[in-house]
Amino acid sequence: MRICRKNIGWIAGLIITLAVSTDAATLRAADVFGDHMVLQRGVETPVWGYAPAGTEVQVSFAGHDVTSVADGDGAWNVWLPAMTASGEARALTIRGGGEVVVVKDVLVGDVWLCSGQSNMQWELKDTDHASEVIAAADDSLIRHNRADRSGSSLWEVCSPQTAGGFSGTAYYFARELRSTIDVPIGLINRSVGGTHIERWMSRDMTAGTTYGAEMLEFCNTEEAREAFSRYQEEDRAYRQKIRGLTRDEIQALPKPECSYSSPQLLALYQHDVGVLYRKLIKPLQPYAIKGVIWYQGEANTRMPGGSEGYESLLRGLITGWRNAWVEAANRSEAGAFPFLYVQLPSAGASQAWPAIRESMRKCLDLPGVGMAVIIDVTGNLHPTD
């Protein structure tokens, strides 16, 4: 898994919340369910959604019929029995309250959650030899899911017409799997460029780490609040000063000295901790997955103390996600998925880069964890090979 992606991201304010409102007046499935989707083979598979409270809901797929009743908030969920892999396009039908929802072209195979920052987000069309690779990307058993800008979760069938917009890392990962495992592969891509690992962790997960607990405690001190207030004043003055200047003139001006220092961390921890976990990861639970591939770490090299704290944060994220899937599914096996990640390349000049690489190596003592080493492949921040 050597492909990476560019830091072309969504602006934080445009990140789409995938959770469906529980005020549902009509029958619906959770947003991750859609045409061309892949369900996880070999395990009981959850299907959930919303309907008017008290509605009896029946879900039918591959000869199985299961029922549930929407609770007082309108939420319902069922579990389909474990199924073998199948590339046959079948319909998943949901009935309730006189309404019918049909999800078309559903396959059964292995589903991987693909997350992180820009290198996971980097699209296949921007990688090396993209035109030839995309032209050959004609495998209808690879399916890619992402949140589009209209707010919908979209599943796409891999083809030369669609593959260019897939995560490059995720596509090459799926292509490698398909060369040895003849089952459909589903890729759920939830990645945002330039993001710190703390954004992908719940507040409780962050507080459960040594570094996160220290920072959250610091954020509640008077020293931190005063420092952040000074930073805001300096930042406002800086923004006023650069109005009307050219790019070269702006680059010649020093930025506020506290940029990427503890005052800025106050904003991160008070407002940004867990924002992507809440909006992009938690709504997927308890969707049955085979495992996770993770490509992140560059943003944390800019965090004071972040290089020393990254080991505890990465451990907290891996363990936290696994525990969250167990809790959401109420099944211990739901959190037993492998977690595979890419070690940072040699791109950065600061001491934080090797420190975070070492933090990633140390996390290999966790069960079911694997690491791809790319330091010998490239020195680019966003490898395209």
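Where is R239 placed? Let's begin there and then tour the rest of this predicted model.

R239 sits in helix 6, which covers residues 222–241. Its relative accessible area is 52%, so R239 is exposed.

## How confident is the prediction?

Across the protein, the mean pLDDT is 87, and 86% of the residues reach 70 or more. The stretch to treat with care is residues 1–24, where pLDDT stays under 50. The model does have 87 contacts beyond four places in sequence for residues 1–24. Still, where pLDDT is low, predicted coordinates should not be read in detail.

## The nonpolar cores

The largest nonpolar core is made of 68 residues. Within this core, the residues with the most contacts are F33, L39, W76, L92, Y287, W294 and W321. Helix 10 is the biggest contributor, giving eight residues to this core. Another core lies apart from it and has 26 residues, including W112, F166, A174 and L187.

W321 deserves a look of its own. Setting aside neighbours within four places in sequence, W321 is in contact with a range of aromatic residues, among them W200, Y277, W294, F337 and F339. The partners of W321 also include L113, S115, M205, I281 and V292.

## Backbone details in the loops

Which peptide bond is cis, with omega near 10°? The bond from Q285 to P286 is the one to find. P286 belongs to the loop between helix 9 (275–281) and strand 12 (291–295).

Two residues have a positive phi although neither is a glycine: H36, at about 75°, and N330, at about 60°. H36 is in the loop between strand 1 (28–29) and strand 2 (38–40). With a relative accessible area of 28%, H36 is partly exposed.

N330 is in the loop that runs between helix 10 (306–329) and strand 13 (339–342). Is N330 buried or exposed? Its relative accessibility is 68%, so N330 counts as exposed.

Definitions and conventions: Residues are numbered from 1 along each chain as its sequence is written. This is a predicted model: local features need pLDDT of at least 70, side-chain atom pairs count only at pLDDT 80 or more; totals for chains, interfaces and linings use all residues. Side-chain values use heavy atoms; hydrogens and water are left out. pLDDT is the predictor's confidence in each residue, from 0 to 100. Contact means heavy atoms within 4.5 Å. Helices (H or I, at least four residues) and strands (E, at least two) are DSSP runs, numbered from the N terminus. Buried means under 20% relative accessible area, exposed over 50%, partly exposed in between (1.4 Å probe, protein chains only). A nonpolar core is a set of buried Ala, Val, Leu, Ile, Met, Phe, Trp, Tyr and Cys residues joined through side-chain atoms within 4.5 Å.
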